[in-house]
Amino acid sequence: LRTRARLLHVLGPKHIKGIPLLYMVPDGGIRVLTEDLQRRLLKIASRQLNPFQNPMIAHKTTIQDTDATCLETKVEELIDLDEKIRETLTPEECVRLAGGFGVSDESIAKILKDAMYQDKRETVKKKESHRLQDIVNEGLASAVRSGDYYTSRQ
């Protein structure tokens, strides 16, 4: 999924749309990850997978020492949570992916804006709502578990 995100960043969405991912295992052969399977995989990753950074660049993107090319790789690997993915995943699952694996700024802004609107609607109804704070806390906890300074910034 990180490779797909990098290709999407480098080539653009119109060149990647509709191309399935292939998962190759020497002993198990080749499996096709369709868009539906990718969404299901993201759902499982947000709930059951301990968040982690790309191990190839994790040691080169710390708060004290950041290699510019590794940071560029990290930015290219940010997952885009499009409308279909946001419909499949709950906001909590989306922010777990954001904090633990990294998503595009546009994706996280949309999730936070939706939570803010929900809080405002509840306030109008004279109900107290902390939806925005709850999902921010969830995403931050995931970023802390992954030990990723850059996704916690997001």
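## Overall composition

Of the 154 residues in the protein, 34% are buried (under 20% relative accessible area, with a 1.4 Å probe and protein chains only). This is a predicted model, in which local features need pLDDT of at least 70 and side-chain atom pairs count only at pLDDT 80 or more, while totals for chains, interfaces and linings use all residues. Residues are numbered from 1 along each chain as its sequence is written, and side-chain values use heavy atoms, with hydrogens and water left out.

The secondary structure comprises nine helices and two strands, taken as DSSP runs (H or I of at least four residues for helices, E of at least two for strands) numbered from the N terminus. Among contacts (heavy atoms within 4.5 Å) with a separation of 6 or more, 62% join residues 24 or more positions apart.

## Packing of α6 and α8

Helix α6, residues 91-100, packs against helix α8, residues 131-146, at an angle of about 35°, with the axes 7 Å apart; axes are lines fitted to C-alpha atoms over the stretch in contact, and angles run from 0 to 180 degrees between N-to-C directions.

On the α6 side the contact involves Pro91, Glu92, Val95, Arg96, Gly99 and Gly100, which meet Arg131, Ile135, Glu138, Gly139, Ser142, Ala143 and Ser146 of α8.

## The buried face of α8

In α8, Arg131, Ile135, Gly139, Ser142, Ala143 and Ser146 are buried. Viewed down the axis of α8, the buried residues fall within an arc of 100° and therefore line one face of the helix, the arc being that of the directions from the helix axis to the C-beta atoms.

Technical notes:
Buried < 20%, exposed > 50% of the residue type's maximum accessible area, 1.4 Å probe, protein only.
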